Amino acid sequence: MTQVQLKNLSKVFSGTPAVDAINVDVACGEFLVLLGPSGCGKTTSLRMVCGLEQPTSGSIWFNGQEVTNLPVQKRKVGLVSQRFGLFPHMTVEQNVAFGLSVGGMAESEQKRHVGEMLEIVRLTDFAGRFPAQLSGGQMQRVAIARTLVTRPKVLLLDEPMASLDTLLRAEMRQFIRDLHEEYGMTTLLVTHDQIEAMDLADRIAVMFDGRVAQLAAPDEIYQQPADERTARFMGHSNIFDCTPVSDGYVESLFGPLKLGAGSNRGLKLPRKAMVRYESIRIVESVDQSQSNVVSGTITRAEFLGAMMRYTLQVGEGFLTVEEASSFKRKTGEAVSLTLPPEQIWLLQ
Ligand SMILES: Nc1ncnc2c1ncn2[C@@H]1O[C@H](COP(=O)(O)OP(=O)(O)OP(=O)(O)O)[C@@H](O)[C@H]1O
């Protein structure tokens, strides 16, 4: 297994930094996701790890050995890209065998390895088909098989599910997770999809403008984003101004709010606070033991299937709340809400 380290890694295109001095350590066997909006430098970072792009400065290390200047074929990495890159004139079997034949493996050996790999990606019955005769998900599995059959030390996946529909994406996520569990190889995946990142990653590196804003486990990034931009990118959160007034309390446009022990409450200056849609609770009756109770009126109700999303006017401001759709509340309804102290997070 391979540890991957990016040290002060930068890439400048025509004077503009695409990747700006990032430092990322990927542990042996770890599944790390580079997550960020379009153009933030994810693909360029991956291409530098692969050896397809030469860094402007900084270095890349595999298991403590510098590989910055090592050519692609010597790095033993496997890259699966968004466009799959299958050879249209070759069958599934020939596509998967390609890397092995280039490597000079005997034909009988190739056949055995390809056969095993097609079984793993559940495409044995499709061995004789051409790419044009496959669905998007099947093409994706051929692309992964073609990469894995060469036994790369590091697997690089560049938006591998971007062209698949929602159901297929969920299926492919499960497939990629299973493969990672089986092979345990160090994996870097690039995506702009938060759900995909949270579902697959051991840790996520959130990137903006070529820099890593936060590198942490998915639940930490979701519950305790490092800054406002990360919080907004992860979505599903109310973000509002607040001013710490005394230990454990902030003043906000929703009135004074009590903070919990895990609210990052050591921060003293005026700043933003965040509370997730699903953390706010609509309560039927209010009692003295509840903290942070506010009154609001539903101004918009959206049906999302399992959940309803309500926009509520609360004093001068608005809050968004999600609750199970079985409650079915109506616009114009006046309700009481609680913002649980532990669920309020002060942003840096
Ligand atoms: N070969 C290139 N020449 C010039 N600029 C480039 C080149 N490759 C990438 N860039 C620029 O570098 C920046 C980062 O691009 P990159 O493809 O790494 O972003 P990304 O986060 O992967 O985006 P996306 O999700 O849209 O693929 C962008 O502004 C892009 O236009």
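Predicted model: local features only at pLDDT ≥ 70, side-chain atom pairs only at ≥ 80, totals over all residues.

User: What makes helix 6 a helix with the expected span?

Analyst: Helix 6 covers residues 166-183, which is 18 residues. A helix needs at least four residues, so helix 6 qualifies. Its end C-alpha atoms are 26 Å apart, close to the 26 Å expected at 1.5 Å a residue. Gly184 follows, with a positive phi near 60°.

User: How do you know that strand 3 and strand 9 pair?

Analyst: Pairing takes at least two bridges. Strand 3 (residues 31-35) and strand 9 (residues 203-208) are joined by four, so they count as paired. They run parallel. Within this pair, Leu34 has Ala205 of strand 9 as its bridge partner.

User: Why are strand 6 and strand 10 called edge strands?

Analyst: The open sheet has six strands in the order 6-7-8-3-9-10, with mixed pairing. Strand 6 (77-80) and strand 10 (211-216) each pair on one side only. From one strand to the next, the twist averages 15°.

User: What makes Lys42 part of the shell around the ligand?

Analyst: The cut-off is a C-beta atom, placed from the backbone, within 6 Å. Lys42 is listed in the shell, so its C-beta meets that limit. Other members include Phe13, Ser38 and His192. Helix 1 (residues 42-50) gives the most, three residues.

User: How does the shell divide by residue type?

Analyst: Three residues are nonpolar, seven polar and one charged. Lys counts as charged, so Lys42 is the charged one.

Conventions: Residues numbered from 1 in each chain as written. Helix = DSSP H or I, 4+ residues; strand = E, 2+ residues; numbered from the N terminus. Expected span 1.5 Å × (residues − 1). Axes fitted to C-alpha atoms, helices over the stretch in contact; angles between N-to-C directions.
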